[in-house]
Amino acid sequence: QYSPDSVAGADGELDPTEVTFPGCPCRSSSCTAPECPCLRRGHSYSGLCLRLAEQQEQPFSRPVFECNSLCCCGEGCQNRLVQRGLQLRLQVFRTQRKGWGVRALEPIPKGRFVCEYAGEVLGFAEAQRRIQAQNPQEPNYIIAVREHLHDGRVMETFVDPTRVGNVGRFLNHSCEPNLFMVPVRVDSMVPKLALFAAADISAGEELSYDYSGRFHNLPGASREHKPVEEENSLRKPCYCGSHTCASFLPWDSSLFSTP
């Protein structure tokens, strides 16, 4: 079932459509920092894409909050980007070795928002149950995104587009990707998993991102580990073809382990 936005999972634990953030009182057509309380919470898009598309020295980045449905600013506000959804011409196509993939039908400049990775938003227990119920031959679409807070806490978001999702579910992994993922919050603390161009992308080029979260992140940000030899039978080979290919698709043991 195609859905441009994420929906509540069958477990009913999280509802991404629920509005819990207050709106900003800005009456201008487009909000500006530092006047707008939404922009004061984190990054503005004027500096976000440039900052995130380049490796930085700082161990942490500021979060991204868009203006929401309760804000007084107009629909044309510059702080409303990901919520507008897909604005580019993309094509799902059959690759030679990786099953389905997605390619751009027009040039995409570095830093441009491309699409969201949308699906059912699940709690940890349901995400773990689903992934353990899969057999090794089945494709796994469940993504686990972990945001590391400055006080040591880790916020987890699990999205499963297996049955409900958008074009993002067809994006393949690459060890040298041309997209990077940013959690963007609009109406609540449940983030939209937004994918931005990490480089200038040509028309016809396949789009990809790093499933492990290593790309443009600190080494410790990923829970991927070097699996013991018997776990290699569960891992899927990587066919990205990059010079730094890790041979296998990323592996997150936490969703496979039992309590």
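1. A contact here means heavy atoms within 4.5 Å; on that basis, residues 24 or more positions apart account for 68% of the contacts in the protein chain with a separation of 6 or more. The model is a predicted one, in which local features need pLDDT of at least 70 and side-chain atom pairs count only at pLDDT 80 or more, while totals for chains, interfaces and linings use all residues. Residues are numbered from 1 along each chain as its sequence is written, and side-chain values use heavy atoms, with hydrogens and water left out.

2. The protein chain has three helices and twelve strands, taken as DSSP runs (helices H or I, at least four residues; strands E, at least two) and numbered from the N terminus. Of its 259 residues, 44% count as buried, that is, under 20% relative accessible area with a 1.4 Å probe, protein chains only.

3. Six aromatic pairs are present in the structure, where rings of Phe, Tyr and Trp (its six-membered ring) pair if their centres lie within 6.5 Å, and planes under 30 degrees apart count as stacked, over 60 as edge-to-face and the rest as tilted. One of the pairs is formed by Tyr117 and Tyr209, edge-to-face at 6.2 Å centre to centre with 65° between the planes. Because Tyr117 lies in the loop between β5 (113–116) and β6 (120–122) and Tyr209 in strand β12 (residues 206–209), this pair ties together parts that are 92 residues apart in sequence. Tyr117 and Tyr209 are both buried.

4. On the aromatic side there is also a cluster to inspect, formed by Phe113, Phe180 and Phe196.

Conventions: Buried means under 20% relative accessible area, exposed over 50%, partly exposed in between (1.4 Å probe, protein chains only).
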